Amino acid sequence: MLFDFPDFDNHELVLFGRDAASGLSAIIAVHSTALGPACGGCRMWPYANDQEAMRDALRLSRGMSYKNAMAGLPLGGGKSVIIGDSRKDKSDDLFRAFGRIIDSLGGKYIAAEDVGISVADVMTMGQTTPHVAGLSKGHDASGDPSPFTAYGVYLGIKAAVRHKLGTDNLKGVRVAVQGLGNVGSHLCQRLADDGALLTVTDIHADAVARTVDRFAALAVAPDAIHAADVDVYAPCALGAVINPHTLETIKARVVAGGANNQLETDPMGEALRAAGILYAPDYVINGGGIINVSAEVTQDYDRDAVLRQVERIPVTLTEIFRRADRENRPTSAVADQMAREILAAARTPGAKAAA
Ligand code: NAD
């Protein structure tokens, strides 16, 4: 039963969509519209079972509520998942069918890119609904959010390195990047430009080979990246990578990367703190992409204004790091509290009108 599901957090709405003709099975989760229409990416992934897909949709959509709140955006939190293999199961019919399902919500949920979903896929969804963003064409199109996400993650890594390692310079700092897709590859470029030393992995050998060639990176197996002998571990693939098994072997003193839901469970935030590892809360450090998408949804798209807003990410992170130190609490708990306070204030009757 949905309401008893461990990751159900009073989500406003969960929609299960199927289109037999195109083979579409999808879930849309709207966690909160307190701050505005729920906006968040669509993920395509070959989930092992429906429970796993549901868990991802519920956790990711709550994360979007927190992310949008912490980035100061007038957007609520939502996310969608399409069950399938993005390398094999995509078709225009499938994305048009998904667009129709998004459309049935009348703008309560706005979809953009996430793992497995490209700008072209979102454009195809846009043939059957206007409630999509991260487009490459059209009024105020903002394009691929990934370079903006990667820029925010890069700035966030610098803030975390400054706080934990006491240096402003990434030259010679060893960073392990897990996942070399849209975010990870842009992040590698920025880190390499600053002289960081990269250790990388991906489940796709072609992505690894490209990165090793371009940046003289060291490649390790996907199941060895968390244990790499580095200063910073930057998860940029899927979630739950900080868990009791990986924690024992992490050598990095900083965990800061673009992936959503890095902590397998909330208590892993305290476990990181107890191990002396500084964690940059994922939904704060990876907010650059949604800041860019938001500019398309809510205003005339202005790239410079977007960049200025992304540059606030290290400021917010530093505030979280300092508060966590002062209060002797995990950074994740401090960020969760800050996000919940913003959402609670927005839910207060009259708050939106007064804002
Ligand atoms: P992507 O699909 O382009 O890249 C993900 C990469 O991770 C792929 O190359 C995939 O092969 C690899 N991967 C998957 N499982 C792996 C494993 N076990 N070990 C190593 N590599 C693995 O996705 P993306 O857009 O780069 O997103 C990456 C992460 O960042 C996701 O968690 C996503 O939710 C998050 N995120 C993305 C954006 C964005 O703007 N794209 C914004 C915020 C958060």
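Author: Let us begin with the elements: helices (H or I, at least four residues) and strands (E, at least two) are DSSP runs, numbered from the N terminus. The model is a predicted one, in which local features need pLDDT of at least 70 and side-chain atom pairs count only at pLDDT 80 or more, while totals for chains, interfaces and linings use all residues. Residues are numbered from 1 along each chain as its sequence is written, and side-chain values use heavy atoms, with hydrogens and water left out.

Reader: What is the order of the strands in the open sheet of five?

Author: Two strands pair if DSSP finds at least two bridges between them. Here the order is β1-β2-β4-β3-β5, and the pairing is mixed. At the edges are β1 (13–19) and β5 (109–113), each of which pairs on one side only. Within the sheet, β3 (residues 38–45) and β4 (residues 76–83) pair in the parallel sense over six bridges; C42 has S80 in β4 as its bridge partner.

Reader: Which strands does helix α1 lie across?

Author: Contact means heavy atoms within 4.5 Å. Axes are lines fitted to C-alpha atoms, for helices over the stretch in contact, and angles run from 0 to 180 degrees between N-to-C directions. Helix α1 (residues 50–70) lies across β1, β2 (24–32), β3 and β4, and runs at about 155° to β4.

Reader: Which residues touch the most other members of the largest nonpolar core?

Author: A nonpolar core is a set of buried Ala, Val, Leu, Ile, Met, Phe, Trp, Tyr and Cys residues joined through side-chain atoms within 4.5 Å. Buried means under 20% relative accessible area, exposed over 50%, and partly exposed in between (1.4 Å probe, protein chains only). The largest core has 65 residues, of which I157, V175, V177, L187, L191 and L198 touch the most other members. Helix α4 (residues 146–165) gives the most to this core, with nine residues.

Reader: Where is N328 placed, and what is the phi of this residue?

Author: Most residues other than glycine have a negative phi. N328, however, has a positive phi, near 55°. This residue is in the loop between α12 (313–327) and α13 (331–347).

Reader: Is N328 buried or exposed?

Author: N328 is exposed, because its relative accessible area is 56%. N261 also has a positive phi near 55°, and is found in the loop between β10 (254–255) and α8 (268–274). N261 counts as buried, because its relative accessibility is 15%.
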